[in-house]
Amino acid sequence: MSFLITAVVAYLIYLVLTIGGEDVLLWNAADLAIGAVLAVVAGALLRNRFVGKDLRMLNPVRWLIFLVYLFPFLYAMAKANIDVAYRVITGRINPAIVKIDPRLRSDMSLTILANSITLTPGTLSVDVDEETNELYVHWINADPETLKKMPRDYRRICYGFPAWARRIAD
Amino acid sequence: MAALTIATYVFLGIGLFFSLVGVIGLHRFPDMYTRLHAATKCTTFGAIFLIAAVIMQSGAIWAAEGAYSAQSVMCIRATLALLALLITNATGAHAIARAAHRSGERPIRAVVDDLEGKETD
């Protein structure tokens, strides 16, 4: 099963990259054959790295939620970018490394959250505690109110991202 | 067509502005972590707009010419490049920051460091 998923995904990426022939629809016949061979090789070599133990990401609803999530994410990213541009020009920074506990269980949702935090300017995930699933985040303009309490309020750092990550992959 | 050309120039302008901010930040910020913010995030945001401009232009020519053309290849590959950039940039920034903290690089002017003295392996 994991072999099949890996091979199909590898073949699809190959097909998208080699559009531009005439033999079969949009592809050259030779391209299709070479792609099939390479997809089998990739599937055999990488299946355990690519798929892992649970198959919940096969559910199309989760991918739909992921596409919906892109809109609030891009909005937060644009807002944070303007904020960081302001900090670059004025030099007003207040950096800190804070620990947040997003209460996520699966590796996939934690990866989505960590990548969202890193892609949003102003916050950068530095390290992860793999036993408790806590993230260490470098925050360029730490809010003094949040720094006073010890279980950090993650809403000021990463907005509603943990809730979305939980919906997508937890 | 005119509106599309204007939109393309606006996107190019925004992209160049954020790339420039990234370069300025690289020189202004005091330590590795804050520089990483400027160097990776602002340039990623700039690159999104630059690639979006390419996608819009080539997509419009593709729609006008119809079916397969050299522009359709450009449009699809630019989209793939954008996806690859988003994934690798976040992962790369995370790897650099983690490696720096483990090798003893401390954030300058930091008010709080929860990770201080903690070894997580």
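Predicted model: local features only at pLDDT ≥ 70, side-chain atom pairs only at ≥ 80, totals over all residues.

Biologist: Which residue forms a salt bridge with Arg87(A), and by about how much of the helix are the two separated?

Modeller: The closest N and O atoms of the pair are 3.3 Å apart, and the partner of Arg87(A) is Asp83(A). Arg87(A) is buried at a relative accessible area of 10%, whereas Asp83(A), at 33%, is partly exposed. Both belong to helix α3 of chain A and are four residues apart there, so the separation of Arg87(A) and Asp83(A) is about one helical turn.

Biologist: Where does Arg98(B) find its salt-bridge partner, and is that partner buried or exposed?

Modeller: Arg98(B) pairs with Asp127(A), with the closest N and O atoms 2.8 Å apart. The pair crosses between chains, running from helix α3 (residues 70-102) of chain B to strand β2 (residues 123-129) of chain A. Arg98(B) itself counts as partly exposed, its relative accessibility being 23%. For Asp127(A) the relative accessible area is 3%, under the 20% limit, and the residue is therefore buried.

Biologist: Which residues do the salt bridges with shared partners join into one network?

Modeller: Asp127(A) also forms a salt bridge with Arg102(B), where the closest N and O atoms are 3.5 Å apart. This pair, too, crosses between chains, from strand β2 of chain A to helix α3 of chain B, and Arg102(B) counts as partly exposed at 32% relative accessibility. Through shared partners, the salt bridges give one network made up of Asp127(A), Arg98(B) and Arg102(B).

Biologist: Which residues of chain A does Arg77(B) touch?

Modeller: Arg77(B) is found in helix α3 of chain B and is partly exposed, with a relative accessible area of 39%. Its C-alpha atom is separated by 27 Å from that of Leu36(B), a residue 41 places away along the chain. Leaving aside residues up to four places away in sequence, Arg77(B) touches Leu17(A), Thr18(A) and Ile19(A).

Biologist: Why is the pair of Tyr69(A) and Phe161(A) described as it is?

Modeller: The search of the whole structure finds ten aromatic pairs over all chains. A pair of rings is described by the distance of the centres and the angle of the planes. For Tyr69(A) and Phe161(A) the centres are 5.9 Å apart and the planes stand at 90 degrees, so the pair is edge-to-face.

Biologist: Which parts of the chain does this pair link, and which cluster do its rings belong to?

Modeller: Tyr69(A) lies in helix α3 of chain A and Phe161(A) in helix α7 (residues 161-169) of chain A, 92 residues apart, which makes this a link between distant parts of the chain. Tyr69(A) is buried at a relative accessible area of 4%, and the value for Phe161(A), also buried, is 4%. The charged end of Arg167(A) sits over the ring of Trp164(A), 4.6 Å from its centre. Trp164(A) is itself part of the one aromatic cluster formed by Trp63(A), Phe66(A), Tyr69(A), Phe73(A), Phe161(A) and Trp164(A).

Biologist: In the largest nonpolar core, which residues touch the most other members?

Modeller: In soluble globular proteins, nonpolar side chains tend to be buried together. The largest nonpolar core holds 46 residues, and those touching the most other members are Ile100(A) and Leu135(A). The element that gives the most to this core, with seven residues, is helix α3 (residues 60-90) of chain A.

Biologist: At which residue does helix α2 of chain A bend?

Modeller: Buried residues in α2(A) include Leu32(A), Gly35(A), Ala39(A) and Gly43(A), and what covers the buried residues of this helix includes α1 (2-17) of chain A. Helix α2 (residues 29-50) of chain A bends by about 45 degrees, and the residue at the bend is Ala44(A).

Technical notes:
Residues numbered from 1 in each chain as written. Chains lettered and ligands numbered in written order. Heavy atoms only, no water. Core = buried A, V, L, I, M, F, W, Y, C linked by side-chain atoms within 4.5 Å. Buried < 20%, exposed > 50% of the residue type's maximum accessible area, 1.4 Å probe, protein only. Phe/Tyr/Trp six-rings, centres within 6.5 Å; stacked < 30°, edge-to-face > 60°. Lys NZ or Arg CZ within 6 Å of the ring centre and 35° of its normal. Bend = angle between axes of the 7 residues up to and from the residue. Contact = heavy atoms within 4.5 Å. Salt bridge = Lys/Arg side-chain N within 4 Å of Asp/Glu carboxyl O.
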